[in-house]
Amino acid sequence: MAKRPILILPDERLRAIAEPIEKIDDGIKQLAKDMLETMYDAPGIGLAAPQIGELKRIVVMDLAKEGEEPAPLVMVNPEILKYSDETVTTEEGCLSIPELYYDVERPAEVTVRYTDLDGKQIELDAKDRLAVCVQHELDHLDGVLYIDYLSRLKRDRVLKKFQKAERLSKRA
């Protein structure tokens, strides 16, 4: 396994649309392992392949709390089939937008279909924290960031902050 660097806003690859995975081979399985190691090291509860510069439709998650047994979840080519009408507002953060957290409103429950690493199709009814995480990570596959759900003013402020940080780091 290998820890990979996480792309940080305003990296343009974070806005790219990921390609479907045609075949689950050793390369995809290794990518999933690398993603899990990167996510655990960050530390985070979810990571999408575009966040490490891989434009493939694969996400990893683990919502186990500290002290609980790890429960990694790998979703290949995931798609949300159904959204609940009921919504929930939760504070979200993102490994690609470090140290910033904002309240985001999303559907409280979703049904997601994906392929696991054994090639099996799975349908999962997700609610609460898992539903929010699924939606957040799947957004990454379509070049959508959680800040896109904020007001224009807040979103512009976040973008300017990270653009300035990028300019300063290039000068150094």
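I started with strands β3 (residues 73–83) and β6, which run antiparallel and are joined by five bridges. My reminder on names: helices (H or I, at least four residues) and strands (E, at least two) are DSSP runs, numbered from the N terminus. Two strands count as paired if DSSP finds at least two bridges between them.

A note on what I'm looking at: this is a predicted model, where local features need pLDDT of at least 70 and side-chain atom pairs count only at pLDDT 80 or more, while totals for chains, interfaces and linings use all residues. Residues are numbered from 1 along each chain as its sequence is written, and side-chain values use heavy atoms, with hydrogens and water left out.

**β6 and its partners**

I looked up Ile-80 and found its bridge partner in β6, Val-112. Then I checked how covered β6 (residues 109–115) is: five of its seven residues are buried (under 20% relative accessible area; exposed is over 50%, partly exposed in between; 1.4 Å probe, protein chains only).

Next came strand β7 (residues 121–127), which runs antiparallel to β6, with seven bridges joining the two. I found Arg-113 opposite Glu-123 in β7, and Thr-115 has Gln-121 as its bridge partner there. β6 and β7 make a hairpin with five residues between them, and Gly-119 in the turn has a positive phi of about 85°.

**The whole sheet**

I traced an open sheet of five strands in the order β1-β2-β3-β6-β7, with antiparallel pairing. β1 (46–48) and β7 are at the edges with a single partner strand each, so one side of each has no neighbour in the sheet.

**Helices and core**

Helix α1 (residues 26–41) packs on the sheet and touches β1, β2 and β3. Contact here means heavy atoms within 4.5 Å. α2 lies across β1, β2, β3, β6 and β7, at about 105° to β3.

Which residues touch the most other members of the largest nonpolar core? Of its 17 residues, I noted Val-59, Met-61, Met-75, Val-134 and Leu-138. Such a core is a set of buried Ala, Val, Leu, Ile, Met, Phe, Trp, Tyr and Cys residues joined through side-chain atoms within 4.5 Å. The largest share, five residues, comes from α2.

Key: Axes are lines fitted to C-alpha atoms, for helices over the stretch in contact, and angles run from 0 to 180 degrees between N-to-C directions.
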